[in-house]
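Here is a friendly walk through one protein chain, from its contacts and overall form to what sits inside. Keep the viewer open as you read.

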Amino acid sequence: MFKTYDVIVVGGGHAGCEAAAAAANMGSSVLLITMNMQTIAQMSCNPAMGGVAKGQIVREIDALGGFSGIVTDETMIQFRMLNRSKGPAMWSPRAQSDRMLFANKWRMMLESIPNLDFWQDMVSGLGVKSGKVVGVKTKMGMEIPARSVVLTNGTFLNGLIHIGEKKFGGGRVGEKSATGLTEQLVDHGFTIGRMKTGTPPRIDGRSLNYDRMEEQLGDDNPQTFSFTGTNAIKKQRSCYITYTNGKVHDALRSGFEYSPMFTGRIKAKGPRYCPSIEDKIDRFADKDRHQIFVEPEGWDTVEVYVNGFSTSLPEDVQYKALTMIPGFESAKMFRPGYAIEYDYFQPTQLDLTLETKKIKNLFFAGQINGTTGYEEAACQGLMAGINAHRVVVEEEPVVVKRSEGYIGVLIDDLINKGTEEPYRMFTSRAEYRILLRQDNADLRLTPIGYKLGLATASRMKRVEEKNEAIQRIFSLFRKTSLSPDDINAYLEAAGTTPIKQSTRLINILSRPQINLKMLRSWHPSIDESLKRFDDEYLEEAEIQMKYEGYIAKEKEMVEKVNRLEAVELANNIDYNSLTALSAEAREKLNAIKPSTIGQASRISGVSPADISVIMVYMGR
């Protein structure tokens, strides 16, 4: 019934969709196995993509040739660029999505790939021969052969749902959990752990009083995530903001004795930066209110997502507390919030390619690796799909460096440091964030995607055109000068020091008080010379010109670190024999087996002194 597939992808969430699309678009024959064909690309929690650092990841996925950015653009109902008041390294795109349209669009894109097949079933085990994966086994008794396998099981591995004192198996509410895989992998020597996440109740928007809330509009000039020329939305739906209060907190506290978090029934760690509402009022007892974001689930549905009110308290406690929030007095609940515990595998058991060390040609991606968030899962799926294809065709694996993308930061962190709590990406995790901006993801990564055969020739042409335009804008600003008579009145009005002699435009633009929009409004000749350039190119050029010095310094740092990355370490080094290393360093180095000195230096517990010992051992 089944041929031998090049790649089998297990799980149809964000990681699984990107993995299947990537491997298939690169030429592999792919089978996507999911427990429910109707929930492919389901937005299990909030109906949104992007956000701080997450928006950068979506743009990087798109730049490499993935689909998340395109799907988001074609299904968004609101767009906002976060952190505009800060420097461009912090700017992060975020979109509210139509939940149903998002999943439907993803499925249509997957179905349009000729060499991608689908099968609805539960994968309960793997076929492993001589330390190498050779296929999967399903609950219906199928044995399907494959040359490589990507596991993207999300929250389904032995998933356990909690609502108050009730608990029942499930990977999502209304869907059964996946069993068998964890136990088999443990038998093969894998280390597992348990994690917890949660989701808020869903509300009937018709029952809310929006007049008591603060309206949150989208941007006046909405942008897109994809670099492929997708259209920006013309109309947007509003979100709303309201707040909890003392009465809400008291109502929630009345249910603490039934809370699975506080009674010890939930033992797993939840996401530090997205705690449940009961966790918030317990940990931050001094705060008299917490922000609640009221987010529509789509264009045509009345269902509303209550962002900030994730909870596993009993349903009656949830409802009572909700009706005390301004605007929610007459709220009708569609379904309660809940918490879910699930198995994950410590990601230090993977190589940087996301291939497992214990079983060849087996890859893990997404929440199975201890991450949280659609975006973090999707980028792992993309890289796992790429490398699952590459291992089948016996080509060199692909690793995005920390200096090349947030994708590289995320995977490097997971593999070298592991995680004991759900990992979420932040801009602060990236040491080169001035280089890793959302605006230049295509310049950084599309050449890589194009070489892989994943990004199309038309994508690469757009990058080349963008680079050429930026260089022309740079040249114009370096050649053009303004005299004191031309500019000083404007400089003084802007609160910056007048010039004493003719000064090049690029030097005037570099001042923090000055921006390109000002210069264009002050001098029609400048405006006229820039009209032939797209806004995207002008913004990119302005950022590069204003931060030229900082960008140069970061590139210099990257070059220094890359020298350490060039020093390779053999996989068979016995670090226990290097007695000058600390005990923790020996343990971590033997477990992770870093491929370079640079990677070794980023392992938690390996000190600079330990790196010096290794360098001496290497004769350097």
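Let us begin with how the chain meets itself in this predicted model. Of the contacts with a separation of 6 or more, 72% are between residues 24 or more positions apart. The secondary structure comprises 21 helices and 22 strands.

How does the overall form look? A compact globule of 620 residues would have a radius of gyration near 25 Å, and the chain agrees with that because its own value is 26 Å. Along the principal axes, the C-alpha atoms fill a box of roughly 80 × 70 × 55 Å.

Here are some values for the whole chain:

| Property | Value |
|---|---|
| Buried share of the 620 residues | 57% |
| Accessible surface | about 25,900 Å² |
| Share of that surface from carbon and sulfur atoms | 48% |

Charge is worth a look too: the chain carries 77 positive and 76 negative charges, and their mean positions are 1 Å apart.

Which residues have the most contacts inside the largest nonpolar core? They are Ile-8, Val-149 and Leu-151, in a core of 104 residues. Helix H9 (residues 374–392) supplies the largest share of this core, with nine residues. Leaving aside residues up to four places away in sequence, Leu-151 touches Val-10, Leu-126, Leu-181 and Leu-185, and also Leu-362, Phe-363, Phe-364, Ala-365 and Ile-368. Another core lies apart from the largest one; it has 27 residues, including Met-460, Val-463, Leu-482 and Leu-505.

Technical notes. Residues are numbered from 1 along each chain as its sequence is written. This is a predicted model: local features need pLDDT of at least 70, side-chain atom pairs count only at pLDDT 80 or more; totals for chains, interfaces and linings use all residues. Side-chain values use heavy atoms; hydrogens and water are left out. Helices (H or I, at least four residues) and strands (E, at least two) are DSSP runs, numbered from the N terminus. The radius of gyration is taken over C-alpha atoms; the globule rule is 2.2 Å times the number of residues to the power 0.38. Buried means under 20% relative accessible area, exposed over 50%, partly exposed in between (1.4 Å probe, protein chains only). Contact means heavy atoms within 4.5 Å. Accessible areas come from the Shrake-Rupley method with a 1.4 Å probe; for residues, only the protein chains shown count as cover. Lys and Arg count as positive and Asp and Glu as negative; His and the chain ends are not counted. The place of a charge is taken as NZ of Lys, CZ of Arg, CG of Asp or CD of Glu. A nonpolar core is a set of buried Ala, Val, Leu, Ile, Met, Phe, Trp, Tyr and Cys residues joined through side-chain atoms within 4.5 Å.
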